[in-house]
Amino acid sequence: MTSDAVWQHWQLRHDPDGIAWLTLDCAGDGPNTLGRAVLEEFGQVLDALDAAPPRGLVLRSGKPAGFAAGADLREFDGYRDADEVASLIRHVHGLFARLEAAPWSVACVIHGHCLGGGLELALACHWRVAHDLPSTRLGFPEVRLGIYPGFGGTLRATRRLGGPAALGLMLTSRTLAARAARAAGLVDAVAGTHESPDWLARRAVLAGRRSRPGWLAHLSNSAAARAVIAPLIRRQTAQKVRADHYPAPFRLIEHWRLDGGDAARMLEGEAREVAGLLTGEVSRNLRRVYFATEQLKSLGRQNAAPVAHRLHVEGAGVMGGDIAAVAALAGLEVTLHDLDAARIDAALARARGLFARRLKTPAERLAAAGRLIADPAGDGVARADVLIEAVIEDAGVKRTLFAALEARLPAHALLATNTSALPLETLASALNDPGRLIGLHFFNPVPRMPLVEVVHGEASTPAAVARGCALAVQLGKYPLPCRSQPGFLVNRVLAPYLLAALRLLLAGTPASTLDAAAVGFGMPVGPIELADTVGLDVCRHVLVTLGPAEPAAAAALDARIAAGRLGRKSGQGFYVWKDGKVRRPAAATGTPAELAALADAMLAPLLDACERALADGVVASAEQLDAGVILGTGFAPFRGGPLRYRGLA
């Protein structure tokens, strides 16, 4: 190939057959994004192609990681004027329409991530070839940012997939692998692992191929179909999120219901509605949360320490067993030790259930089960890269265990405790080398909860903390570095919230009403249900660790604990639980204003505790605190985090 033109972000070349090869390779080391500069250059590329029409065009990425990650989110916060944003969206519509209307065939080669605006660009091409790699994923993640596709995606996706299927993809932010994308209709061909997607795209261009949607997709976008289907989708969506909390999904459904049969109205509706959402408070808050959580993830990618291959877990209770299962799922070899063989057996049984839910093929499940090794003799200690202790929450027991294990542990190994509240300094006193000890505080249920507090004591070395962050990311979690103070961050701010709810409960407010008030604020579950989920024994221990508990609250917890009513894990706590689901004795009562006042009363202590934690330096920044509390407690993401909600960030 000979070079025809090179821009900052695009390279255009022609081969001897007259096919133009256009490569998107955004300047810098990051992923391809469709920022203003990239799109302006794209217009110049189209001008060059119009001036010298090729036989066909193949669009592809020069980045190993993927095709395009979508619009440049860093530019979004600079926009406050919805009319300005709508004008920019219309400009992009014009660019993509020019590509779609090209008289020569346009094929697109997709590998790695093809998301949001990147997928919208691909849909404007005539033929799409996806490389069948584990990293290839296609989807529309926009609703997570408080918007919906705005570069023509609602038009082209509903036209290709049909309205219900396309809306399902957009409303869930679900991503599809290459073959699933082909089955859905997002792509037209799949190149196998050892095939050349460029060759398939070249053949498509030479043959002048242009994909056409099926008649069922067309029928699903008819006015009659939209009138019936849109209300059904809206009701399904309302069961998961509230329109006053997250307006974008409901605006998307209404946009399709009103405009789905008319291309011009679909594009104009996108420009108007997405611009309004983008400049609104919910989207600004969700973008802040996105950047804050990405910052946490980056903490696990900035160290040069070796990745862990072998993990040893001490304690096969619910927490230890589930930590071991998640690590085996992530590809580590894991040894699991406990003095009680029955506990190991129970942990392995739970792990098999997790593998069955998460892994697609019997071979993958068998491999994961093979990586999780019962270790009743504790032999795995001597081979471990990381040892995680998850035994009873008793400082004396933990110190005794550390003293016995330290001499057997390899010199390079990281030593971690899953304590939920105990200061590391208390535990490190048993070690000859306290610098290797950190906390890795996982949350229950481990397979679902995304946060790990990486706790550092006075003696913990920076290298040990960096390795702890790297391990959290390796396990698919978000690491949050925390200073070793009672309760760390999440339990420190959560305990006052639960205590406030207990006070109101003991004063006569029904549990269902308290929980409804918190859910109305935006919490995923209410405080009473949360206490049952965490375990009333764990709640009692945290309250004791953080300070003297109020007598009435302590007595209420003690009475249930003594009766074996520990919450969800025992089948009964404040609520009765059946098959892991709560059974509420009564419906919530109270007006919206009364429920809002209850939510304020319960959440005010949490917000106060967040301010104190930041002032005490428990975490490094307001962004990290807000991200940690959202990931660890479920604090309403659309509010941007507790400090943002208070106007302090």
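## Strand β6 and its partners

In this predicted model, strand β4 (residues 56-61) pairs with β6 in the parallel sense, over 4 bridges. Within that pairing, V58 stands opposite A107 of β6. Strand β6 also joins strand β8 (residues 127-131). Here too the strands run parallel, and 4 bridges join them. I110 has A130 of β8 as its bridge partner.

## A sheet of 4 strands

An open sheet has the strand order β5-β7-β9-β10. Its pairing is mixed. Which strands form the edges? They are β5 (66-68) and β10 (175-176), each of which pairs on one side only.

Strand β7 (residues 113-115) pairs with strand β9 (residues 137-139). The sense is parallel, over 3 bridges. H113 has R137 in β9 as its bridge partner.

## Nonpolar cores

The largest nonpolar core holds 81 residues. Which of them touch the most other members? The answer is L489, Y497 and F635.

Take Y497 as an example. Set aside its neighbours within four places in sequence. Y497 is then in contact with A518, M523, V525, G526 and P527, as well as M602, L603, P605 and L606.

## A nonpolar patch on the surface

W215, L216 and L219 make a nonpolar surface patch of about 390 Å². L216 lies in helix α8, which spans residues 215-220. Is L216 buried or exposed? Its relative accessibility is 55%, so L216 counts as exposed. The cut-off for exposed is over 50%.

## Salt bridges

How many salt bridges does the whole structure contain? A search finds 33. One of them joins R98 and D50, with the closest N and O atoms 2.8 Å apart. This pair links distant parts of the chain. R98 sits in helix α2 (residues 82-100), D50 in helix α1 (residues 36-51), and they are 48 residues apart. R98 has a relative accessible area of 33%, so it is partly exposed. D50 is also partly exposed, because its relative accessibility is 45%.

R646 and D608 form another salt bridge, again with the closest N and O atoms 2.8 Å apart. This pair too links distant parts of the chain, 38 residues apart. R646 is in the segment after α26 (642-645), while D608 is in helix α24 (residues 592-615). R646 counts as partly exposed because its relative accessibility is 31%. D608 has 31% as well, so it also counts as partly exposed. Elsewhere, D15, D17 and R202 belong to one network, joined by salt bridges that share partners.

E273 and R272 also meet through their side chains, in a salt bridge of 3.8 Å, N to O. E273 has 21% relative accessibility, so it counts as partly exposed. R272 counts as partly exposed because its value is 44%.

Definitions and conventions. Residues are numbered from 1 along each chain as its sequence is written. This is a predicted model: local features need pLDDT of at least 70, side-chain atom pairs count only at pLDDT 80 or more; totals for chains, interfaces and linings use all residues. Side-chain values use heavy atoms; hydrogens and water are left out. Patches are made of residues with over 30% relative accessible area and no salt bridge: like charges are joined within 9 Å, nonpolar side chains (Val, Leu, Ile, Met, Phe, Trp, Tyr) within 5 Å. Accessible areas come from the Shrake-Rupley method with a 1.4 Å probe; for residues, only the protein chains shown count as cover. A salt bridge is a side-chain nitrogen of Lys or Arg within 4 Å of a carboxyl oxygen of Asp or Glu. Helices (H or I, at least four residues) and strands (E, at least two) are DSSP runs, numbered from the N terminus. Buried means under 20% relative accessible area, exposed over 50%, partly exposed in between (1.4 Å probe, protein chains only). Two strands pair if DSSP finds at least two bridges between them. A nonpolar core is a set of buried Ala, Val, Leu, Ile, Met, Phe, Trp, Tyr and Cys residues joined through side-chain atoms within 4.5 Å. Contact means heavy atoms within 4.5 Å.
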